[in-house]
Amino acid sequence: MKLEKSIELYTKGKKHLVGAVNSPVRAFKSVGGVPIFIDAAKGSKIIDVDGNEYVDMVLSYGPMILGHRNSVVEKTIKKYLKKGYTFGASTKGEIILAELVCDAFPGMDKVRFVNSGTEAVLSAIRLARAYTGKNKIIKFSGCYHGHSDALLVAAGSGLATLSLPGSAGVPDEAVKNTLIAEYNNIDSVERHLAKHNDIAAVIIEPIAGNMGVVLPTKEFIEELRDLTKASGVLLIMDEVMTGFRSKFGGAQELLGIKADITCLGKVIGGGFPVGAYGARNEIMQMVAPLGPMYQAGTLSGNPIAMACGIATLKELKKQDPYKDFEKTAAFLERAMLSAAKENGIDLQVNRFGSMINPFFTKTKVVDFKTAQTSDTKKFKTFFWKMMENGVFLPPSQFEAWFLATAMSKRDIYKVRSAINIAMKAVADK
Ligand code: PMP
């Protein structure tokens, strides 16, 4: 595989950029080798600076659900670029996107736009504390909610990839109010609720994607909703990854559950930096300028980002790809399981809708502990063979692969061929 130009940029980039990247998940650290540098992308394909073309299953870690440079979206962005880039005053686009978002999530009467998922979640936690007057929060190990201090404990995504229990530089005081529970284990939540009377909220990825894909059981998620309600504790659903991806109305539509506070990001910006948090009126009433909880942003509700988000959501609604995603993911699951069987490899495949990934383990993956039973050396071999055969995957066992509407049958067959070769390589290693 030719990677000379990526190697050259990596070498050069290390001088002024930490590890030559601006987000550690891009560093290819757990799979070894050099991170690829991207030149351009169109539709389902992404091309690196050496001219290698891949079917893109990273999709910028989720936002590019329509694929890259969708023509309707691109036309809209171009139109809005002519009007100016940022004003420090409100625009119509913010109202339109808010309407689209609140219509899709019935638990949200009002929404506040921010610039990232991290910001959405840290604001949601502040809001939960402001509303309840309580301080503690419960999070689940293996879930990732961005890089704010209070949430960098037992986190998934890049921390799982790098086997970090938390982050240096986070003071003990910042995490002393963060309690950890186990995914799919309601007893671990109940124990905290029984012991502490100052819990403001439980935060969860309703379909987890940051320890690889892990689904909640129906009983677990329903009991979590009932239990939080009965205890006067807010349920925050972090749908930064699943919002508009699992279903148009996110995991909440799918599971038939309403969160008290919802966090969004990724797809709602269509590739531009947008995050959001929202809730029913009574809770959002706390946020400045209506209430005493302060949260602000120079570029929040940026007009180009809003235009891109609106065009993306409208196009997504029109295309309604959710049944097709399910079928494609089922096809890929079968392809992986049969290739694994043929090669005598223990494999679990977890998926929902347009999120899927394999774990190289005999153990059913239901939480962070079982996800960590995956043989990451096998993943590494698998990953590079997939790359060599034209499929760009997240360079970590603990990240979801994504589908986009721009993927054709041909793309998916290409992924299947790569899977067959890669599983054989894992067996031969
Ligand atoms: N929450 C979840 C569920 C996420 O998946 C992510 C990012 N992967 C975040 C929050 C943080 O979002 P951002 O990277 O935009 O800050």
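**A lysine, a ligand and a sheet**

Mentor: Let's start with Lys266, which sits in the loop between strand 9 (261-264) and strand 10 (275-279). Keep in mind that this is a predicted model.

Trainee: Is Lys266 buried or exposed?
Mentor: Count the C-beta atoms within 10 Å: 20 or more make a residue buried. Lys266 has 26 such neighbours, so it counts as buried.

Trainee: Which annotation covers Lys266?
Mentor: For this we turn to the UniProt record, an unreviewed entry. The annotation it gives for Lys266 is "modified residue: N6-(pyridoxal phosphate)lysine".

Trainee: Which residues is Lys266 in contact with, leaving aside its neighbours within four places in sequence?
Mentor: Two of the residues on that list, Gly117 and Val240, are also among those that come nearest to the ligand. With the sequence neighbours set aside, the contacts of Lys266 are Gly62, Pro63, Gly117, Val240 and Met241.

Trainee: Which helix gives the largest share of the shell around the ligand?
Mentor: The shell divides into 5 nonpolar, 10 polar and 2 charged residues. The largest share is 3 residues, and they come from helix 4 (residues 117-132).

Trainee: In the open sheet of 4 strands, which are the edge strands?
Mentor: The strand order is 1-2-3-13, with mixed pairing. Strand 13 pairs with strand 3 (residues 53-56) in the parallel sense over 2 bridges, and Asp56 has Phe392 as its bridge partner there. An edge strand pairs on one side only, which leaves strand 1 (38-42) and strand 13 (391-392).

Methods. Residues are numbered from 1 along each chain as its sequence is written. This is a predicted model: local features need pLDDT of at least 70, side-chain atom pairs count only at pLDDT 80 or more; totals for chains, interfaces and linings use all residues. A residue is near a molecule or strand if its C-beta atom, placed from the backbone, lies within 6 Å of it. Ala, Val, Leu, Ile, Met, Phe, Trp, Tyr, Cys and Pro count as nonpolar, Asp, Glu, Lys and Arg as charged, and the others, Gly among them, as polar. Two strands pair if DSSP finds at least two bridges between them. UniProt positions are given in the numbering used here, feature names are shortened, and annotations may be inferred rather than shown by experiment. A residue is buried if 20 or more other C-beta atoms lie within 10 Å of its own, exposed if 12 or fewer, and partly exposed in between; C-beta atoms are placed from the backbone. Two residues are in contact if their C-beta atoms, placed from the backbone, lie within 7 Å.
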